[in-house]
Amino acid sequence: FKPVSTMSAVDPANYSYQPSSSSLPTSLIRTITLGDDEVETNLILQLFSDRIFISITQLSGKVGSLLLCNVEESIVDNSTTYNVRTLLGTGVSSRGGGGGGEREVSMREVLVRRLAERIVIHTRKMAGVSETTILGGAEDGTGPIAPLLVGVGLKPGCSNLSVESFNVLVDAAMELYQDGWKMSHAGGMVGMEGPD
């Protein structure tokens with residue numbers, strides 16, 4: 001009597017795992033130049049089913065500080081609350097001196113909040129309501145958008161960003177988000193042309 005094995009040996013050279021496309025995030029990457037010095041800045045977007053991840057980095061692909069923004073809306077007092085907190089990194093650079101660490105932290109938090117505000121406005125537009133309409137979120141306490149996770153890795157001295165450079169960063173990240181949103185909501189029609 002010879003026992004029969006229910007597990008067969010798998011040849012690693014011929015084995016590959018292919019995840020379902022529905023389980024993969026929508027991912028986009030863009031590179032922009034920023035400021036008079038034309039600093040190369042990489043923007044990365046990943047839209048997961050339960051999170052939005054955006055990386056804005058000038059540090060050769062390093063994430064830098066990681067910040068989380070949760071958005072809550074109240075239908076009771078018609079308000080929107082943005083809770084931004086740093087998960088990883090202090091924002092205080094040991095390089096370059098100058099003691100501008102608190103400004104760097106504040107600038108990163110303002111950047112993340114501005115992105116969240118713009119994403120909420122986009123979500124409201126896509127829902128077919130006005131920019132000021134409170135969507136209220138779900139009964140489980142989630143907000144109008146999934147939690148926003150942002151990696152900010154800017155070169156030392158980023159607290160001295162001009163208003164123009166700050167707005168360029170926000171606009172570029174928002175454009176990337178909108179393109180990703182279109183791709184993730186297009187279903188099987190991505191890349192297909194409609195009849196003219």
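These legends walk you through close-up views of one predicted model. Residues are numbered from 1 along each chain as its sequence is written, and side-chain values use heavy atoms, leaving out hydrogens and water. Because the model is predicted, local features need pLDDT of at least 70 and side-chain atom pairs count only at pLDDT 80 or more, while totals for chains, interfaces and linings use all residues.

**View 1. The largest pocket and its lining.**

**View 2. Helices at the pocket.** Helices here are DSSP runs (H or I, at least four residues), numbered from the N terminus. H1 (101-126) and H2 (163-185) each supply at least two residues of the pocket lining. H2 gives the most, with 4 residues.

**View 3. How H1 and H2 cross.** The two axes (lines fitted to C-alpha atoms over the stretch in contact, with angles from 0 to 180 degrees between N-to-C directions) come within 10 Å and cross at roughly 40 degrees. That makes H1 oblique to H2, since angles under 35 degrees count as roughly parallel, over 145 as roughly antiparallel, 65 to 115 as roughly perpendicular and the rest as oblique.

**View 4. Where H1 meets H2.** Contact means heavy atoms within 4.5 Å. Among the residues of H1 that meet H2 are Met107, Val110 and Leu111, and the H2 side includes Phe166, Tyr177 and Trp181.
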